[in-house]
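This report considers selected local features of one protein structure. Please keep the sequence and the model in view while reading.

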Amino acid sequence: MMGSGADTAHETVEYMNQQGAKVGVIKVRLYRPFDTKAFVKSFPDTVKSIAVLDRTKEPGSLGEPLYTDIRTAIGEAMHNKWVKFNDYPVIVGGRYGLGSKEFTPAMVKAVFENLDAAEPKNHFTVGINDDVTSTSIAVDHSWMIKQEGRIECMFYGLGSDGTVGANKNSIKIIGSDTDNFAQGYFVYDSKKAGAMTVSHLKFGPKLIRSPYLCNNTDFVACHNFSFLEKYDMLANAKDGAVFLLASPVAADEVWDHIPDQVAQQIIDKKIKLYVIDAMHLAKKLGLGARINTIMQTCFFSISGVLESDKAIESLKKAIKKTYGKKGDDIVQSNFDAVDGAVASLKEVTVPSAPAGKAKMPPTVPANAPEFVKNVTATIMEQKGDNLPVSAIPADGTWPTATTQYEKRNIAFEVPEWDPSVCIQCAQCSIVCPHAAIRTKINNPSDLEGAPADYQSVDATGKAFEGKKWTVQIAPEDCTGCGACVDRCPAKQKDPETKESTGRKAINMVEQLPIREKEAKNYEFFLSLPEADPAEINMASVKGSQLCKPLFEYSGACAGCGETAYVKLLTQLFGDRTMIANATGCSSIYGGNLPTTPYCTRDDGRGPTWSNSLFEDNAEFGLGFRLTVDKFNEYALELLEKVTNGTIECSSVTKDLAEAIKGADQSTQVAIEEQRARIVELKAALAKCDCNECKHLKSVADYLVKKSVWIVGGDGWAYDIGYGGLDHVLASGENVNVLVMDTEVYSNTGGQASKATPMGAVAKFAASGKPQMKKDFGMISMTYGNIYVAQVAMGANPNQVVKAFVEAEAYNGPSIIFAYSHCIAQGINMTTGLENQKDAVASGHFPLYRYNPELKKEGKNPLVLDSKEPTMKFSETALKENRFRILTKTNPENSKKLLAEADKLFAAKYDLLQKLANLEPCDTSLS
């Protein structure tokens, strides 16, 4: 075999030989050119059987590449008498490690056991349960190699809490400051924040040949208390292992809150339990949710890998190196965290029985679909490797609307609504990145039977007279980013002094005490009727937020600046939305397994979403548009045939056909009326057996207007996909483009691009980007027939809604550049909307709408929606680490670039202002 798995085989062979087995492994280090003579010389003459392992699958071939080469090499060597084999040896081929499966010593042993069988299975697989083609060989997963002196550790963290970074530092410290060999593997998915991460650390006095995850751990750390309810973190723990738990509950009370199943494991395995209130300590020290330094200090304190004083010295040295560029305050806060952690760490005296007060809840509720209960839930439990092949859908389709079952409970704090202060503006709902805050207006009768704690107030506004207004939080789905609180404009005032109390209509509180009651309230809230489109103004912030989001609880980073726009898209255009998505963050939080955030209305209708590559997503979306238009055209032709043509199907009335063909579909109410006509049409068509009626029935839904959106980030739009996007915009077709502009190439490592502003530090621009960001909006306006808008939710959400509605209504190409704050900008995500506001106020990202329709009214098509800059770009830029870092690494260049950027951004706004004030040009033909 070749590749990383060869070390696992090497380690296993050595161990098995020590136990008396006669086995061996040959590592192929040079595959092309393949040296047959050198290869066969490596075999002992006594070899009787050979297993060749490939980490690939080539359907239709005689066997996998290395396997076919080995068979040929052995045959050629025997023919040339390069070997002394009396008989051609038994040679079988197998596949391992497919789908990122682990390759463990137990699997190596299983391969040898298969070889030792009377009739070894050929073309086998190891590591998966292939119950479809029955190629798997049996593996005893309990078998493992005993490693004297080795210590294995597992750390369960939350993406962006710093756990992975801290453990990488720990590996460096152990490797540098002790005589131990050290190894680290880190398991996390493509989501950058909010998902679970698992760090696997091994260290010991001997060379480590174990390129697989820990399976016999001496130390386990849980950095998020809610994980106790979801994951079997102690499954791999040894008897007598140490368990470190970040707990918001004190050491003398924590046993009552540990699920009985976990408590029983602690008792049975005689595990030593330590707790620390890491979140409160981190908050006190100004570290937010980053508890990594605290937990890392506890690890060194408990494990005894280094002497206490030496460990603290090494940790502080690593902190200085890691955070030095971010400022002395950050370094000092982490130093304080090291000192505070030692004092706050407590050992728990483990009782003889579980408390009986907490249970691990089912992964998904009992009313979840069978597939979700049997497959999705298993993956959510981190046990997806146990699923048989037959459990995976053969055609690759997975159910949508499954994020609703996750209930991640990852937030330490969640928002709580105070109806007495609320001004019913719905700002909290529109900015929520995860659809975890929602609003509804209902009749008082709808609230009968509500939970005792359910809150509502009289709705304001003449249109809602006599109705009730509710803002409801989903406590188990909220990520605790605090964006809603930061944005809430309603401030509580002291009734006597009239001064602000510091509280708002939305305030952050600890999640654990209110979780149960608010979860019940949210469940009731979801059961209430949705708003009637005829009774609300969807083209407003408040009206849009009375519409059910068809994009919910995504796995995006807490406080993500992109997802609020995607959510709004589905609220405004609902199930008729068709999204062509460019690979990037929007595909990671939009279409990642095992759960999907795109969902459906109560009638089962939902958005169409599909993903394409960076380089061709615009063309992919154009294909959506052309296909929809062709089907619509074909449906109209057939409708004409069956009513006015030679067919004249009697079941379809001419009045119905004319109503369908002439239908106004400019509002949601009109859309629903057209839908009703299509239902009537399909019922009529079902009564006829002619081919035309059958064909019309299959495409009748395309008589309802579809809203095609091409969605992606700045890396796609400004760079890799720019050529195709330009072609599509120039086509004149009715496509809508949403560019979620983070300026930092969010999902691809943060390298410099044409969207990177001047003065920002990025990969390939370590000294600050010397050029201005490409003005894609200005380029698009030069075509004259493209609707163009720049919007920023944090600066003007009303303008965002207006731009989305205008772009969709425009019968031609449209493109919206939506400023999206991002964790990669190096900001506090809680106040990310303020960063958006500053970007507009500094002239960095002016707001405007260029609507070609205004030319028909004799008006200037360019409307400038933001005022003249009230601050310099350099003032706001230094609030972001992507700019601030240059002040430390190259202060002179930073000052120079930002000064130049100040001038250029001021000039950019001045140009836009002059263009917006021009008299409209006469474009009429003489």
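The sulfur of C298 lies 13 Å from the closest cysteine sulfur, which belongs to C222, and this is too far for a bond. A disulfide is a covalent bond between the sulfur atoms of two cysteines. In this analysis the two sulfur atoms must be within 2.5 Å to be counted as a disulfide. The model, which is predicted, holds zero disulfides. C153 is likewise in no disulfide, and its nearest cysteine sulfur, that of C214, is 7.1 Å away.

Are these two cysteines, C298 and C153, buried or exposed? C298 has a relative accessible area of 1% and is buried. C153 has a relative accessibility of 0% and therefore also counts as buried.

**Helix packing**

Two pairs of helices may be examined in turn. The crossing of α16 and α25 is right-handed. On the side of α16 the contact is made by Y565, L568, L569, L572 and F573, and on the side of α25 by V800, V801, F804, V805 and E808. Of the residues in the contact of α16 with α25, nine are nonpolar, none is polar and one is charged.

In the second pair, helix α18 (residues 617-644) packs with helix α21 (residues 691-699) at an angle of about 145 degrees, and their axes are 9 Å apart. The crossing of α18 and α21 is left-handed. Which residues of α18 and α21 meet? From α18 they are F631, Y634, A635, L638, L639, K641 and V642, and from α21 they are E692, C693, H695, L696 and V699. The contact of α18 with α21 comprises nine nonpolar residues, one polar residue and two charged residues.

**Backbone features**

Most residues other than glycine have a negative phi, and most peptide bonds are trans.

| Feature | Residues | Angle |
|---|---|---|
| Cis peptide bond | R32 and P33 | omega about 0 degrees |
| Cis peptide bond | L593 and P594 | omega about 10 degrees |
| Positive phi | S100 | phi near 65 degrees |
| Positive phi | Y745 | phi near 50 degrees |

P594 belongs to the loop between α17 (585-591) and β19 (608-612). S100 lies in the loop between β2 (90-96) and α4 (105-115), and Y745 in the loop between β21 (736-741) and α24 (776-781).

S100 has 67% relative accessibility and counts as exposed, whereas Y745 has 6% and counts as buried.

**A pair of residues in two loops**

A138 is placed in the loop between β3 (124-126) and β4 (151-158). With a relative accessible area of 69%, A138 is exposed. How many residues separate A138 from P594 in sequence? They are 456 residues apart in sequence, and their C-alpha atoms are 27 Å apart in space.

Key:
Residues numbered from 1 in each chain as written. Predicted model: local features only at pLDDT ≥ 70, side-chain atom pairs only at ≥ 80, totals over all residues. Heavy atoms only, no water. Left-handed = near helix turned anticlockwise from the far one by under 90°. Helix = DSSP H or I, 4+ residues; strand = E, 2+ residues; numbered from the N terminus. Contact = heavy atoms within 4.5 Å. Nonpolar A, V, L, I, M, F, W, Y, C, P; charged D, E, K, R; others polar. Buried < 20%, exposed > 50% of the residue type's maximum accessible area, 1.4 Å probe, protein only. Axes fitted to C-alpha atoms, helices over the stretch in contact; angles between N-to-C directions.
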